[in-house]
Amino acid sequence: MPTYRDEAIVLRTHKLGEADRIITMLSRERGKIRAVARSVRRTTSKFGSRLEPFGHVDLQLATGRTLDVVTQVECRHAWGDPLSRDYRRWTAGQVMLETADRLVVEEREPSRRQFLLLAGALRVLSQGTTDGERPATMVLDSYLLRALAAAGYAPSFSDCARCGVAGPHQSFSPAAGGVVCVRCRPPGTAVPAPATLALMGALLTGDWPATRDAEPARQREASGLVAAFVAWHLERGLRSLAHLERE
């Protein structure tokens, strides 16, 4: 069978038969891939531990009729190990994996930007930002905003998301796509603190120094708005969000 190599992050796994697993991965060159790992659940497996969620791997696959088959695996980063020692970071990472799985719908459709965003977010979650440590929920919110923006759902934090009139504006509507002016504001729209909108804008651009002095109240308010934005644009909520511990 013809073979190919790629770099990937393991999103989830499913048991297959007595000893195999189906591995769902987000790869750098081919987007989402599902492949069979033969005998990976046996204690004698040479690469079973490398094909677990959060694993960042280089691998070789053989092209199959329905599912490809993993033939070689080399570990680049085992992010699951450091994340497993911190429940908040572990659950935030689970939300990231589920989000990537949901945003990249079609298999074998290149999604390099989504791959790079997920790899970068998992690295920051386990190692810290270039400006020092940040709460797990803040790292998650940054990833969610950037991943949705890459998928075509970029929120606006300056001009009105509906009519385009220049801001700043005080109201934020997930359904409208970000901040809205007084004329476009739907009934019941949230009116967050200006510092919260500034924090969300920094998270969207990855401006970590600007988040350094964010107050806990502003972080919680931003997390609630991000969760509402994600739920609206993904049409249904992320199951893993229910297990997330807010800081």
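Helix 3 has buried residues Gln114, Phe115, Leu117, Leu118, Ala119, Gly120, Ala121, Leu122, Val124 and Leu125, where buried means under 20% relative accessible area, exposed over 50% and partly exposed in between (1.4 Å probe, protein chains only). This is a predicted model, in which local features need pLDDT of at least 70 and side-chain atom pairs count only at pLDDT 80 or more, while totals for chains, interfaces and linings use all residues. Residues are numbered from 1 along each chain as its sequence is written, and side-chain values use heavy atoms, with hydrogens and water left out. Helices (H or I, at least four residues) and strands (E, at least two) are DSSP runs, numbered from the N terminus.

**Helix 3**

- The buried residues of helix 3 pack against strand 1, strand 2, strand 4, helix 1 (80-83), helix 2 and helix 4; contact here means heavy atoms within 4.5 Å.
- Helix 3 has 16 residues and reaches 22 Å from its first C-alpha to its last, close to the 22 Å expected at 1.5 Å a residue (the expected span is 1.5 Å times one less than the number of residues).
- After helix 3 comes glycine 128, with a positive phi near 100°.

**Helix 4**

- Helix 4 (residues 136-150) should span 21 Å at 1.5 Å a residue, and its end C-alpha atoms are 21 Å apart, which agrees.
- Glycine 152 follows helix 4, and its phi is positive, near 100°.

**The barrel and the helices across it**

- Five strands form a closed barrel in the order 1-2-3-5-4, with mixed pairing; two strands pair if DSSP finds at least two bridges between them.
- On average, neighbouring strands of this sheet are turned by 45° against each other, direction ignored.
- Strand 3 (residues 31-37) pairs with strand 5 (residues 68-78) in the parallel sense over two bridges, and alanine 35 stands opposite aspartate 68 in strand 5.
- Helix 2 lies across strand 1 (3-16), strand 2 (20-27) and strand 3, running at about 110° to strand 1.
- Helix 3 lies across strand 1, strand 2 and strand 4 (55-62), at about 65° to strand 1.
- For these angles, axes are lines fitted to C-alpha atoms, for helices over the stretch in contact, and angles run from 0 to 180 degrees between N-to-C directions.

**Salt bridges**

- Side chains of opposite charge can pair when their charged atoms come close.
- The structure holds 19 salt bridges, each a side-chain nitrogen of Lys or Arg within 4 Å of a carboxyl oxygen of Asp or Glu.
- Glutamate 7 and arginine 76 meet in one of them (3.6 Å, N to O). Glutamate 7 lies in strand 1 and arginine 76 in strand 5, so the pair ties together parts that are 69 residues apart in sequence.
- Glutamate 7 is buried, with a relative accessible area of 12%, whereas arginine 76 is partly exposed at 40%.
- Arginine 76 also forms a salt bridge with aspartate 58, the closest N and O atoms being 3.2 Å apart. Aspartate 58 lies in strand 4 and arginine 76 in strand 5, so this pair ties together parts that are 18 residues apart in sequence.
- Salt bridges that share partners join Glu7, Arg28, Glu29, Asp58, Arg76 and Arg112 into one network.
- The side chains of aspartate 20 and arginine 38 meet in a salt bridge too (3.4 Å, N to O). Aspartate 20 is in strand 2 and arginine 38 in the loop between strand 3 and strand 4.
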